[in-house]
Structure formats: C-alpha cells, structure tokens
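Welcome, and please open the model in your viewer. We will walk through it one selection at a time, and each stop tells you what to pick and what is there.

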Amino acid sequence: MKFTLKIWRQKDSKSKGKFETYQIDNIPSDASFLEMLDILNDELVRKGEEPVAFDHDCREGICGMCSLHINGRAHGPDEDVTTCQLFMRKFKDGDTIWVEPWRAKGFPVIKDLIVDRSAFDKILQAGGYISVNTGNAPDANNIPIPKDDADVAMDAATCIGCGACVATCKNSSAMLFVAAKVSHLAHLPQGRIEAKRRVKAMIDKMEELGFGSCTNTGSCEVECPKNISITHIAKLNREFLKANLDV
Amino acid sequence: MIKLDSKIPEGPLAEKWTKYKETQKLVSPNNKRKLDIIVVGTGLAGASAAASFGEMGFNVKVFCYQDSPRRAHSIAAQGGINAAKNYQNDGDSIYRLFYDTIKGGDYRAREANVYRLAEVSGNIIDQAVAQGVPFAREYGGYLTNRSFGGVLVSRTFYAKGQTGQQLLLGAYASLNRQIAAGTVKLYHRREMMDLVVVDGKARGIIVRNLVTGEIERYGAHAVVLATGGYGNVYFLSTNAMGSNGSAAWAAYKKGAAFANPAFVQIHPTCIPLHGEFQSKLTLMSESLRNDGRIWVPKKKEDAEAIRKGLKTANDIPDEDRDFYLERRYPAFGNLVPRDVASRAAKERCDAGHGVAPTGLGVFLDFKYAIERLGKKKIEERYGNLFQMYEKITGVDPYKHPMMIYPAVHYTMGGLWVDYELQSTIPGLFVAGEANFSDHGANRLGASALMQGLADGYFVLPYTIQNYLADEIYHPEIDIKAKEFDEAEKNVKDKISKLMSVQGKEPVDHFHRELGKIMWDYVGMSRNREGLEKAINEIKALREEFWKNVRIPGSADTLNPELEKAGRVADFLELGELMAIDALHREESCGGHFREEYQTEEGEALRRDDQFMYVAAWEYKGEGQKPELHKEPLKYEYIEVKTRSYK
C-alpha cells in the first residue's frame with residue numbers, strides 16, 4: 001500500500017512545530033500503524049535524517065504508552081484499539097494520513113509525537129489508591145465482594161492511562177481517567193473507607209494541573225480504546241457530591 | 001574470583017524461611033530513614049519492592065525508562081497468578097505448588113527458594129485483594145480460579161485476561177502512595193547505563209536522562225535490579241519493544257555472575273509470524289488451553305490445502321484432526337507445560353502438518369468449548385483475548401480456530417542470586433525475571449507474576465535489612481567519589497563511540513540479524529554444530545555493528561535510535577554468552593533442548609549425573625572467555641524423576 005503522511009515534527013518542548021510531508025510505498029496491509037512508522041523511520045535513518053519520535057512499548061494494546069491523533073481521531077479510525085493495534089488494512093491505498101501528538105494543556109509536547117503525561121501519575125498520587133501497607137492484609141476470602149460489583153470495578157480498572165480521553169475532549173478534561181479510578185475503588189468495600197478523601201483530592205489535583213471541566217459531550221467514551229463508559233463519570237459525580245455534602 | 005555461596009538456612013525445608021526471619025538482622029525505624037535504596041525497574045518486582053521499602057521508612061529512588069511506572073511490561077501478563085490457597089478444595093498445598101514448580105523447571109531450581117515462593121504465594125493474593133485488585137469472583141462473592149499448564153489443580157487467580165495489568169496497577173498504586181508520602185522519589189524516562197561499585201559494594205548507578213540526554217549519578221546503600229528478562233535478544237519476542245538486558249549486563253561486567261543464560265522459555269501459544277517488517281510477537285494467554293483444543297490435520301494434503309487457502313479448518317472432520325497433545329500426553333493433554341507444548345508444535349510443523357501460510361502454525365480450537373459451555377461463557381472468560389486476536393489477524397476466533405505458534409516469551413536465566421536475592425556483588429540485589437532463582441529450566445504458567453511479587457513484597461523487605469543493618473555506620477554515599485567518575489566516563493565513552501561510527505545500517509538491521517541467528521541456533525532446538533556456528537556469527541555481526549551502525553541526531557537530546565543502539569550492543573554480547581552456556585550444557589532439560597540428548601520418543605533427556613547444577617558465568621574482560629562456576633543442586637525433599645506428563 002502507498003500513503004502520503006503529514007506528520008507533526010517538533011524539535012523539543014520550546015521549539016515551534018510544523019507538519020512535514022512524507023511519501024511511503026510498499027506497506028503491507030498486515031503491518032500495524034507503528035510498524036508503518038518503523039518502515040518510514042528505517043528509510044529516514046538510511047537517508048541520514050532524524051526519524052520521527054513516538055512513544056510505544058508493549059505493542060499489544062495494554063501498556064498505554066502509544067498515543068497519536070490520526071486523521072483527527074485519538075488512536076485512529078478503528079474502534080476499541082490503541083494505535084499499536086491499528087492495522088494498515090483499515091486505510092485505503094493512496095490515503096493521506098495526518099499524524100499529530102495529543103494536544104492538551106496538561107500534556108506538553110516533548111518531541112515530535114511524544115508528550116509528557118506525568119500529570120496522570122500526579123493525579124493518582126493524590127489519592128488513587130487504598131492505604132494498605134504490605135503485610136496488613138487479611139485472608140483474601142475474608143472480603144467477599146458481590147460479583148456484579150467486582151465486574152464493574154474491573155471494567156473501570158481496565159483503564160490504561162493513555163490519555164486518549166483528554167486528547168479527544170474539547171475541554172481537555174481528564175474526567176474519564178479520574179472517574180475510572182474513583183469508580184473502580186468506590187465499588188469495592190475495601191475502597192469505600194477512603195472514598196470521600198480520594199475523590200476530592202483527585203479532582204483538586206486534576207484542576208490544579210490544567211485539565212478542563214467535563215461538559216458531558218461523551219466524546220471520551222467514544223475514543224477510549226478500552227471502552228470505559230461515561231457511567232463511571234456519573235459515579236464520580238455522585239461520589240463527589242456525597243463527599244462535599246458529607247453524607 | 002567469584003565464590004558462590006547460596007546461604008541456604010539450616011533446618012527442615014518448611015522451617016527455613018521462618019527461622020531466617022526470626023534470626024536475621026533488622027534495622028531500627030530511626031536508622032531506616034538514613035539509608036538509601038535504589039530500585040531499577042517498576043514492573044511487579046520493582047514497584048512492589050520500592051513501595052514496601054518506602055512503607056518501612058527507607059529512602060527510595062526508583063527508576064524506569066518509560067514515561068510512567070505503570071508501563072512496565074508486567075502489565076502485559078494475561079492469564080493469571082498462582083497461589084497455594086486451596087480455595088477449590090482440590091488438594092492443593094504449599095508442598096504441591098513447590099513440587100509442581102521444581103518438576104516443571106525440570107529439577108534445575110533451588111529447593112529452598114522455591115519452597116519459600118510457594119509459602120508466601122497466598123500472602124500475595126491477600127495483599128492484592130486489599131489493594132483493590134478486582135480478581136474474578138463467583139456469585140457468592142468469593143474468589144474463583146482456573147488451571148494452567150503442568151499442574152493437576154486449579155490455583156490460578158485471574159482478572160479477565162489482564163491479570164498482570166491489575167496486579168501491576170495495584171503495586172503502582174502502593175508506589176504512588178509512597179511517592180506522595182515522600183519516601184519514594186520517582187525518576188522516569190531514565191535508563192540505567194552502569195552500576196557503580198565502591199570498595200566491592202554496589203553503591204549507585206549511572207543513568208541517561210532519555211529526554212535531555214544528560215548523564216546522571218545516583219548513590220545508595222543498596223541497589224535492587226528489577227529490570228526484567230532478556231528475551232528481546234531474539235528481536236522478535238512477546239517482550240515490550242524497550243525490554244532489554246542492559247542493566248543486568250552492566251552488573252555482569254562489574255562482577256555479578258550470570259546464571260543459566262541459555263534457559264529461555266518459548267511460549268507455545270503466540271500469533272504466528274506474518275511478515276519481514278514485523279516488530280513483535282503477540283502472546284495468546286496459556287489460559288486458553290483450559291478450553292481450547294490444539295490440533296493439526298492428520299493428512300499432510302489437508303495441511304497443504306489449508307496453507308494454500310483451498311480449505312479451512314472447518315472443512316476438516318473430527319476424525320481427520322490430530323489432537324497431538326491429547327494423543328501424546330493423555331494425563332495432561334492440552335495443559336502440558338510450555339516447553340513440552342512448544343516442542344510438540346514444532347515437531348508437527350517440521351513433519352509437514354503445519355497450517356499457517358508459512359507452514360509454522362497449529363490450530364487452537366474453541367468449537368468444542370463453545371458447544372459445551374455456550375458462546376457467552378467463553379466470551380466472559382476470554383473476551384478481550386478473542387478481540388485482540390481478531391484485531392491482529394482479521395479472523396473471528398468464535399467462528400474459526402485460532403492459529404498459533406511458539407515464540408520467545410521469558411528468560412529463566414538471569415543474574416545469579418543467593419537465598420537473600422543478593423548477587424555476587426554485595427549490596428546488589430536482583431528481583432523478578434532479572435534473577436535466575438525459581439523457575440529452573442522451564443517456568444510454569446502464572447508463576448512469573450507470583451515470583452515478581454513474592455520477591456518485591458515478601459522477600460526483599462526482609463533480606464535487604466540483613467545487609468543494610470551493617471550499613472548504618474556508613475554516611476550518605478558520596479557521588480563525587482572516583483568510582484562514580486570512572487563509571488560515568490565509561491558511559492560517555494560508549495555513547496560517543498556509538499555516535500561516531502556513522503555507518504550505513506540502522507540499529508534494527510543488526511538486531512534482526514542477531515535475532516535470526518539466535519532463533520535458528522539458540523532457539524527451540526539446539527545442537528553442537530549450530531551453537532558453534534552461532535558463536536562465530538554473533539562475533540562477526542558484533543564487529544560489523546561497531547563498523548557500520550548509523551545513529552542519526554545527537555546524544556544530548558531525546559534519541560530513540562541511540563537508546564536502541566546501546567541495548568543492541570549489549571545483546572550482541574549477551575547472545576554469545578547464551579550460546580556458550582547452551583553449548584556447555586550437554587543435556588536436554590526444560591526449555592533447553594539439545595538434539596544430541598533425547599529419548600527414542602523425542603522427549604528431553606536430562607543428565608543429572610553431570611549437569612545437576614546452576615551454571616554461573618563470571619566476566620573476565622573484553623575478548624576473554626567467561627569463567628564457569630557451578631552451584632550444585634541438592635534435592636532433599638523431592639524425589640528427582642524423569643519428568644513425565646503422559
């Protein structure tokens with residue numbers, strides 16, 4: 001397959017970036033999007049040019065390291081996948097493909113397509129945990145949990161922290177990301193104890209780090225590669241209200 | 001000159017760990033905050049160790065090359081984690097988990113370490129549940145289990161097909177809590193380049209800041225490496241793209257013995273290779289073998305028709321299907337250990353019954369399970385794995401059987417450690433896949449997560465104190481010492497040497513070539529001639545690399561090609577050591593299959609009289625032959641037998 005690539009190049013966080021155009025040929029339809037970029041980079045290195053920098057690691061859709069806005073969509077045109085699991089057969093031969101980094105105030109560009117997502121770590125450091133030291137735990141079956149609650153918690157906990165929700169949201173809100181952790185822990189008895197403190201601390205941190213507010217457009221849910229539902233945002237709102245009303 | 005002292009405590013097997021804990025040295029709370037610990041790597045072992053040290057009151061510095069600790073490749077483990085809870089009332093016990101692990105490892109692991117692993121396995125599940133890890137449950141609210149290869153009980157806990165993710169997020173949450181509390185300081189996008197040894201003790205590391213290119217130094221009273229395995233030496237593996245052996249290799253060159261480098265696990269159920277451009281292989285969890293049946297066509301002409309696309313799996317009637325694992329190993333069937341399943345797949349494909357277009361593939365069929373349990377149940381158990389398979393291959397596994405083939409997955413070998421997980425360099429501890437300790441010559445499924453977390457939560461927090469108790473008189477480590485200067489200079493020299501080659505070929509070219517040599521000669525099946533050839537070819541390739549590699553850009557900025565080059569340069573040395581080890585071990589055991597040593601039925605032939613030992617290699621300088629040290633393995637509580645799954 002043959003493509004025209006319009007790729008965002010930016011030297012570092014201080015420089016201004018711009019789109020560069022690359023023509024690429026002989027791409028197998030079974031190649032993943034990142035493998036297509038590998039092929040491009042191989043050509044660039046051989047020509048003595050600097051390859052395109054992009055984040056990636058596991059290449060099986062679970063580490064959350066890959067990102068990319070492809071033709072205006074986070075993780076590209078396929079449904080429920082990260083960029084590393086997007087395959088070139090989803091494009092038409094001869095397509096022009098626009099590739100950009102995540103764009104959000106909370107995620108400054110480091111180089112080319114790489115952004116700094118350490119804000120996500122900071123939000124979780126603010127309260128995304130249960131305070132239990134190693135060795136404190138009772139026998140696992142001493143905490144029975146209704147299967148339905150455990151399943152909902154699992155659905156929320158499946159968030160990979162990639163940032164597609166933020167990149168997609170017109171307000172650059174991190175609400176779905178925060179909701180996934182709050183909802184995961186709020187559905188479990190061992191997570192209830194700190195629920196109020198947790199939700200307040202995480203929301204405060206999210207706002208402090210420059211993420212916007214949620215206006216319920218639902219676009220985050222559409223682009224989430226792990227299909228995390230905005231019902232978790234509803235859960236977050238209930239938890240937030242409860243915490244503030246202290247009921 | 002290295003001396004191997006395994007420091008196994010005296011006394012009966014079941015009392016060793018308790019006794020150790022009762023008599024070991026401890027550090028008082030007011031002294032803990034004066035002691036620094038460096039942890040490299042934030043997978044299950046690193047994150048759990050760093051969080052636990054922080055909770056205890058030590059000053060911890062933790063490093064990862066990714067943008068966040070949560071990206072570490074433990075995240076990708078799918079199927080589950082073993083623990084001897086016996087919640088299923090099916091006869092499980094600590095002894096049985098110990099026994100299965102030793103037998104699964106083909107009697108090449110240390111008894112005392114493995115027993116301790118089995119002993120603390122239950123605590124891991126307790127800890128994870130307390131952290132909020134959403135393991136699968138029954139309607140009654142209690143935890144459920146499934147079974148994995150090489151065992152006759154159901155002791156595997158799981159969270160859909162994302163068990164590694166959930167356990168890592170649990171450890172990462174504990175780590176986050178300690179970062180917020182100020183006991184742990186996180187350094188992300190940093191790669192360890194060298195270990196600093198002062199007066200014979202590990203005292204710090206040199207790292208490259210991957211964003212700015214700066215070379216930085218960090219000191220500590222002890223260093224923990226939890227940097228994972230070296231499977232990426234094969235280029236194609238189920239490892240993450242960044243997984244590498246460089247930290248372990250740097251430690252080896254500073255005097256840490258490297259044990260059993262030839263012991264590599266080839267996982268039987270991966271999506272087959274489909275093209276030259278391919279960058280990695282994707283695993284399909286072993287848990288699928290609980291419900292999937294593995295087969296190839298009995299008739300070669302059927303296999304050929306499938307390869308050519310003239311027939312599909314569904315055209316082959318049951319009587320023409322060869323369920324070769326069920327046929328050869330009736331007792332364990334599709335749940336034989338990984339090394340056995342992988343070799344059996346290779347045997348069938350080599351005999352002309354393979355099914356993928358390349359001929360290197362077998363079927364993993366869910367038709368029978370769907371008929372028995374219904375599609376919904378299968379979806380519940382494996383939904384995300386089926387979806388992943390469909391995304392990658394474009395084939396719907398609910399309708400057509402999956403095609404699978406073995407791929408490099410895990411390295412049982414690693415830095416040699418004693419009972420305390422301390423390497424041959426005092427103050428350097430090694431945890432998780434990076435050490436060699438528990439899996440012998442073959443790891444059982446769902447045991448990597450168990451070992452990583454056992455090391456980090458329940459072993460190191462004790463054993464490191466036994467070392468640090470004698471370090472309380474030592475003030476803060478001086479990073480201006482000459483040993484830091486020297487190490488930093490070596491790192492800088494290596495980087496400028498790499499940058500100055502300015503040859504013609506990108507790094508990946510050399511990595512691919514190395515991978516081919518390793519897969520062909522140091523892969524699933526090995527022989528003397530091939531291994532000798534591999535050693536020569538690796539040497540030649542290494543020379544070529546240093547003459548002809550091309551790294552664009554500069555070293556004082558973010559430069560992914562330079563990162564790769566440093567890792568591949570080390571793999572080009574490590575690969576040779578693997579071949580040397582495989583050549584010296586003239587027997588077949590676990591994942592190490594030497595064609596010269598097999599039974600008439602093609603099963604592995606161990607030679608206990610000569611090779612019942614851990615091979616620990618000592619670095620002797622560039623271009624010098626490494627020196628072999630042997631740690632004999634004694635089995636007092638388990639009868640050594642020929643491994644049989646028939």
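Is B:Lys367 buried or partly exposed? Select B:Lys367 to begin: with a relative accessible area of 31%, B:Lys367 is partly exposed (buried is under 20% relative accessible area, exposed over 50%, partly exposed in between, with a 1.4 Å probe and protein chains only).

Before moving on, a word on the ground rules. This is a predicted model, in which local features need pLDDT of at least 70 and side-chain atom pairs count only at pLDDT 80 or more, while totals for chains, interfaces and linings use all residues. Residues are numbered from 1 along each chain as its sequence is written, chains are lettered from A and ligands numbered from 1 in the order in which they are written, and side-chain values use heavy atoms, with hydrogens and water left out.

**Stop 1: around B:Lys367**

B:Lys367 forms a salt bridge with B:Asp318, and their closest N and O atoms are 3.5 Å apart (a salt bridge is a side-chain nitrogen of Lys or Arg within 4 Å of a carboxyl oxygen of Asp or Glu). This pair links distant parts of the chain, 49 residues apart: B:Lys367 is in helix α11 (residues 367–373) of chain B, and B:Asp318 is in the loop between α8 (300–307) and β13 (321–322) of chain B. Helices (H or I, at least four residues) and strands (E, at least two) are DSSP runs, numbered from the N terminus. B:Asp318 is also partly exposed, at a relative accessible area of 39%.

Now select B:Asp106, B:Arg108, B:Asp339, B:Arg343, B:Arg585, B:Glu587, B:Arg606, B:Asp608 and B:Arg643; salt bridges that share partners join these residues into one network.

**Stop 2: a buried pair in chain B**

Next, select B:Arg177 and B:Glu55. Their side chains meet in a salt bridge (3.9 Å, N to O). B:Arg177 lies in helix α6 (residues 163–181) of chain B and B:Glu55 in helix α3 (residues 44–56) of chain B, so the pair ties together parts that are 122 residues apart in sequence. B:Arg177 is buried, with a relative accessible area of 17%, and B:Glu55 counts as buried at 17%.

**Stop 3: B:Asn334**

Move to B:Asn334, in the loop between α9 (324–328) and α10 (338–353) of chain B. At 9% relative accessibility, B:Asn334 counts as buried. Leaving out residues up to four places away in sequence, B:Asn334 touches B:Arg289, B:Gly292, B:Arg293, B:Ile294, B:Leu325 and B:Glu326 (contact means heavy atoms within 4.5 Å).

**Stop 4: where the chains meet**

Show both chains together. Here 76 residues of chain A are in contact with 80 residues of chain B. The area buried between chain A and chain B is about 6,200 Å², with carbon and sulfur atoms giving 53% of it (buried area is the accessible area, with a 1.4 Å probe, that two parts lose on being put together, summed over both). In chain A, highlight A:Glu60, A:Thr134 and A:Lys147: these lose the most area to chain B, together 11% of what that side buries.

Across this interface of chain A and chain B, the rule finds 7 salt bridges. To see a salt bridge between the chains, select A:Asp155 and B:Lys160, whose side chains meet at 3.3 Å, N to O.

**Stop 5: the two domains of chain A**

The assignment gives domain 1 (3–111) and domain 2 (117–245), with bounds that come from an automatic or database domain assignment. Taken over C-alpha atoms, 29 Å separate the centres of domain 1 of chain A and domain 2 of chain A. In domain 1 of chain A, select A:Asp80, A:Trp102 and A:Phe107: they supply 32% of the area that domain 1 buries against domain 2, more than any other three residues. The area buried between these two domains of chain A is about 1,500 Å².

Between domain 1 of chain A and domain 2 of chain A, the rule finds 2 salt bridges. Then select A:Asp55 and A:Arg117, whose side chains meet in a salt bridge (3.5 Å, N to O).

**Last stop: A:Glu79 and A:Arg73**

Finish with A:Glu79 and A:Arg73, whose side chains meet in a salt bridge (3.5 Å, N to O). A:Glu79 counts as partly exposed at 37% relative accessibility, and A:Arg73 counts as partly exposed at 25%.
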